[in-house]
Structures are given as structure tokens and as C-alpha cells.
Amino acid sequence: MALTSPRTLPYDWYADPQVLRLEQERIFAHSWQYVARVDQVAEPGQFAAVRAGHVPIVLVRSRDGALRGFVNICRHRGFVLCEGEGSRETLQCPYHAWTYDLDGSLRAAPRSDREPGFPRDDLGLLPVSVARWGPFVFANPDPEAPPLEETLGELPALLRSGGVDLDGMAFRLRADAEPYDANWKVIVENFLECYHCSVAHPTLAKAIDVSVDGYRLETHPTFSSQIAEPRNGGGGVYDAAGELGRGQFHFLFPGTVINVMPGRQNLSIGPVLPDAPERTTRFLDYFFAPDTEQAWVDDYLALDDLVGAEDRVLVERVQSGLRTGAVPHGHLLAESEQLIAHFQALVVDALGAEDH
Ligand code: FES
Ligand SMILES: [Fe+2]
């Protein structure tokens, strides 16, 4: 598929359970995705139940200090092993009390001593790949995944060159959104263009320059970036003065978004998690410099909440159009929507689809 193809993906790819199953198998099961913060699993014994795409994962800080990840499913009969987060000596399944060590090995299974040849050594939790980038934990359900750095590519350097100091920021809050009634690709594609910003986000358009000349789009092998300048110091919406001269909105394929607004040290990061063909979950973890006044953060979050609410209406209304099947596909603007074309090419490529 040419990156400049003006056709969108076929609209039946946005509601078909078989397409989602393929995407789960071929994309999400083999991709690095943001899953948690390092502070959630900093101390030996700490665990956190998270998700990479559809795959439930338990992150564990082992006694030796290593950060590990396992498929969060009991090897006995499939019970989801851990919920939430906390601290444990071992991971015990609440169904029949199989007990796993923090390194994933099966330590005890009640009555297994009565079963000659019980293959205890083969029944450890299935490992996944986990890696740290600054304050972030990424996971890839594929235990043989190539290093996270290969996927991140130039992204850390890009953030740094824009003045973002990842290690100088501290986690402030997590915003959990209600699930969206939309396919995950609709949500990603809405993130990937600001063509709609002057129409649908009038307040955001006062704070940052969303015009063709002021808003830069970049594609990279594994991610794409939108770079924005502030307008009139934030246009009275929030105070855009600070160390960060421009906004950066990154999308790491297939489902991690990173937002940085112009102004003081700030960043939000979170996954796009497909629940069902027409249902998607998201959350965002927000980081700010520790001394950032709450009043500044409140203005910033008010803008973010407003834009988020506006986007929810957009994506759910797109989904209600796509799902009818009455129109076979859409038409992209090769310039303003080039990041969507890039994303769709990555989807087609990962699915091994001939074309669309
Ligand atoms: S399903 Fe976990 S112990 Fe039975
Ligand atoms: Fe938007």
C-alpha cells in the first residue's frame, strides 16, 4: 500500500470481530505498549495487574530487584490471577490456591503431591517481555520481543530535544476514561490529525497554533509526531510560558500516545486498549515537575478534559457512521492526514493483508 493512498481502510475493518482477532494476534500480541509506571512496581514484592492490548499481564518486582512480567492467567484452569496492585510474598490463585513465586515458578499446588508425575516445573506463569523507559514500564506479550529501544527509535531524543525532562518529572494523577463506543483505530486516527482541531476544538485552537503552517507532522518507522507552537502565550486558556517551547503529540504504534503541551514540564502517556470491535478503553498518566503549582495543573487539565470530551463525541459519531456499512471506505487528505495513512499502512503491513 502506498503511504499516499487516499483511501481509508475498509470500514468493515472497524466493526468485524474477526478483524479484531487478527489485530490482537498479529499486532497487539507482538508489540511494545505502555502499561504502568515504574513507581507502581518499585519495591521487591510489589505487583500490578495491567494489560497490553487484550493480554492481561502481571508485573512483579522480584526479591532480586528484577522487574518481570507474566501473562496474568493461572496455568491450572485459566483464572485471572491478580487484580489491582499491591505487595505480596507470592502470587496465589484465589480459585484453587496454586501458588507462584515472584519469579513466576509454580511453588505449590494443593494435592499435587498425590499425583505422580505432576509436571510442576512446566507450569510456571508464562513470561512476557517488560522494559523500562525513564518513569514508564512497557510490556510486549511476546517473550522473544526485540528490545524496547528498537521500537522507541528516535522518540526519546525527540522529547529531549524539545526540553522534556522525563526523570525530572513526577507522577501526579491517572485519568481513567469511561470506555469509548468506538473501534480502537477510530480513536487512534482521531488522535493522528489536527485537521479537525479548528472546527471541533475551538478552545484548544486558541491555546496552540493548529493552522497548516504552525503545526508540523512527522512520520518515523514506528511512531509519528505532531509538533505545535503555543498561540499568544496560551491564548488565555492556560499559561504556556515555560521551558517547553512547543507541544509534542506522539503516537507509538500500535497503541501508546504521549502528549506534551507547551509550557512547564508536563507529559501524559497512556494506552489505547481494544475491548471489543466497537469498544475501547483508555487511561492517561500525567507527570509534572514536582514543584508545579496545582493552579497551573488545574488549568491544563481543564483544557485536556474539554478536548477529551469533544473527541469522545467525534469518535463515537464516526463509529456510528462506519458500522452501518452504507459507505465502503473514506478519503484521506494526503497532506493533512498523512499520519493516518502512515498508521493504516502499519496496520495493513502487520496484518499481512495484500492491500485494502
Ligand atoms: S485456576 Fe488457579 S488454582 Fe485453579
Ligand atoms: Fe481531537
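This is a predicted model: local features need pLDDT of at least 70, side-chain atom pairs count only at pLDDT 80 or more; totals for chains, interfaces and linings use all residues.
Let me begin with a pair of helices: the axes of α1 and helix α8 (residues 338–351) come within 9 Å and cross at roughly 80°, where axes are lines fitted to C-alpha atoms, for helices over the stretch in contact, and angles run from 0 to 180 degrees between N-to-C directions. That makes α1 roughly perpendicular to α8, on a scale in which angles under 35 degrees count as roughly parallel, over 145 as roughly antiparallel, 65 to 115 as roughly perpendicular and the rest as oblique.

Residues are numbered from 1 along each chain as its sequence is written, chains are lettered from A and ligands numbered from 1 in the order in which they are written, and side-chain values use heavy atoms, with hydrogens and water left out. Helices (H or I, at least four residues) and strands (E, at least two) are DSSP runs, numbered from the N terminus.

Back to the pair: Leu 22, Glu 23 and Arg 26 in α1 meet Val 347, Ala 350 and Leu 351 in α8, contact meaning heavy atoms within 4.5 Å. By class, this contact of α1 with α8 has four nonpolar, no polar and two charged residues, with Ala, Val, Leu, Ile, Met, Phe, Trp, Tyr, Cys and Pro counted as nonpolar, Asp, Glu, Lys and Arg as charged, and the others, Gly among them, as polar.

Glu 23 also forms a salt bridge with Lys 185, the closest N and O atoms being 2.8 Å apart; the term stands for a side-chain nitrogen of Lys or Arg within 4 Å of a carboxyl oxygen of Asp or Glu. Because Glu 23 lies in helix α1 (residues 17–26) and Lys 185 in helix α4, the pair ties together parts that are 162 residues apart in sequence. By this rule, the count comes to 14 salt bridges.

That brings us to α4, whose axis comes within 9 Å of that of α8, the two crossing at roughly 145°. The crossing of α4 and α8 is right-handed, a crossing being left-handed if the near helix is turned anticlockwise from the far one by less than a right angle, and right-handed if clockwise. On the α4 side the contact is made by Trp 184, Lys 185, Val 188 and Glu 189, and on the α8 side by Ile 340, Phe 343, Gln 344 and Val 347. Sorted by class, the contact of α4 with α8 has five nonpolar, one polar and two charged residues.

Helix α4 (residues 184–191) has a further partner in helix α7 (residues 294–322), their axes coming within 10 Å and crossing at roughly 130°, which makes α4 oblique to α7. Here Val 186, Ile 187 and Asn 190 of α4 touch Asp 311, Leu 314, Val 315, Val 318, Gln 319 and Leu 322 of α7, and by class this contact has six nonpolar, two polar and one charged residues.

Finally, two points of backbone geometry. The peptide bond from Phe 253 to Pro 254 is cis, with omega near 5°, and Pro 254 is found in the loop between β14 (247–252) and β15 (256–260). Ala 97, in the loop between β6 (91–92) and β7 (99–100), has phi near 70°, a positive value in a residue other than glycine.
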